[in-house]
Amino acid sequence: MMISTEKTAITNTEFLHETLEGLNAEPKRMYSKYFYDEAGDVIFQQIMDMEEYYLTNAEMEIMKHQANEIADSVSGDDSAFDLIELGAGDATKSIHLLKALIDKKLDFKYFPIDISAHVISELELNLPAKLPALNFEGLNGDYFKMLKKATELSDRKKVVLFMGANIGNMDIDEAQTFCAGLKHLLSPNDILIIGFDLKKNPKKILDAYSDKAGITRAFNLNLLTRINRELDGNFNTNAFEHYASYNPENGACKSYLISLQNQKVTIGNADFHFEKDEYILMEISQKYSKQEIEELANASGFKVVQYFSDQQHYFVDAVWKVA
C-alpha cells in the first residue's frame with residue numbers, strides 16, 4: 001500500500017473566485033462541489049441515511065448483489081489495471097467492488113479521488129483496516145487534475161468509477177462536456193462506470209430533495225456558513241429558505257435558497273444585493289432515461305456496454321467503454 005502525502009485541495013482563491021462569479025451571474029448561483037467541507041460531509045452522510053433519499057439504497061443494492069458481475073465486466077483479459085474513483089466519499093458502496101476484485105486476485109491499484117481533504121484522510125485511516133490487501137493511493141483535489149495525475153503514474157488500463165449519480169450535478173450540456181473531458185484523458189478500451197438516477201414518479205424524486213426533517217435544507221445553508229467562515233462573508237442563514245423543484249419533462253431537479261427579505265451580503269470587499277424572494281440556484285440533480293444515457297455516451301466518445309440496475313429500476317450503474 002502506498003498513500004499520497006501530497007494534498008492538492010482546491011484553494012480558497014478558487015473557492016472565492018467561483019463564489020463571486022456565481023453571485024455576479026444572472027440568476028445567482030453556487031457551485032455544489034463546495035458543499036463538501038467537513039461539516040458538509042457529515043450532513044451528506046445524514047442525507048444518505050434519510051428514508052426519502054432512495055438513491056443510496058438503490059445503488060448500494062446494485063453494489064452488494066452485483067459486485068462480482070461488475071468485476072467481471074471490467075477485468076476483461078485479466079490484465080493489470082488502475083481503478084480510479086471520482087468523488088470516492090467514504091467508499092461504502094465501492095468497497096463491495098473492491099472486495100470482489102481482491103477475491104478474484106486481480107492485479108489492480110485503487111486511486112480514490114475526492115475534493116474533500118477530510119474524506120481522503122478518513123479513507124487513508126480506515127481502508128487499511130477494512131481491506132488490508134488493497135493497494136491504493138488517495139488523491140485530494142479536482143477530478144480532472146487528479147485523474148490526469150493518476151494516468152501519468154502508470155500506463156496500465158484505466159477503470160474509472162463515477163458513482164452516486166454525481167453526473168446529475170450537471171445539466172445535459174455540462175455532462176456532455178464533462179464526459180468528453182474524461183474521454184480525452186483515457187485510452188482506447190479504458191472503461192467508465194457511471195451512475196445515473198433514472199426518471200421515475202415525480203413525487204418520489206421531489207421527496208428526496210425536500211425531506212421533512214430539513215436535512216437537505218441544512219446541507220444547502222451550510223455552504224453559506226462555509227462562505228462566512230472561509231471567505232469573510234456575512235450571510236444571515238435565517239434570512240434564506242430552502243426550496244426544491246422537479247420537472248418530469250426534462251428530468252431537472254433543482255435546489256434553491258430563497259431570500260426572505262431585501263438584504264445586502266458582503267464577501268470580503270464585494271457586496272451583493274438580494275431582493276425579497278430572489279433565489280440562488282444551489283444544485284441541479286439531473287434524472288435520465290436509458291435513451292438519454294445512450295445519447296450522452298455516444299455524444300462524448302463512449303459506447304454503452306452494460307447496465308446494472310436495482311430491482312425497482314430507480315438507478316443504474318452503466319458500463320461505458322471508450323469508443
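How many helices and strands are there in the protein? The protein has 10 helices and 12 strands, where helices (H or I, at least four residues) and strands (E, at least two) are DSSP runs numbered from the N terminus.

The model is predicted, so that local features need pLDDT of at least 70, side-chain atom pairs count only at pLDDT 80 or more, and totals for chains, interfaces and linings use all residues. Residues are numbered from 1 along each chain as its sequence is written, and side-chain values use heavy atoms, with hydrogens and water left out.

**Overall form**

The radius of gyration, taken over C-alpha atoms, is 20 Å, which agrees with the value near 20 Å for a compact globule of 323 residues. The globule rule is 2.2 Å times the number of residues to the power 0.38. Along the principal axes, the C-alpha trace spans about 60 × 45 × 35 Å. Of the 323 residues, 51% count as buried, that is, under 20% relative accessible area with a 1.4 Å probe, protein chains only.

**Helix 6**

In helix 6 (residues 143-153), the residues Met146, Leu147, Lys149 and Ala150 are buried. They lie on the same side of helix 6, because they cover an arc of only 160° around the axis; the arc is that of the directions from the helix axis to the C-beta atoms. The elements against which these buried residues pack are tabulated below; contact means heavy atoms within 4.5 Å.

| Element | Residues |
|---|---|
| Strand 1 | 81-86 |
| Strand 2 | 108-114 |
| Strand 3 | 139-140 |
| Strand 4 | 157-162 |
| Helix 7 | 172-185 |

Terms used: Buried < 20%, exposed > 50% of the residue type's maximum accessible area, 1.4 Å probe, protein only.
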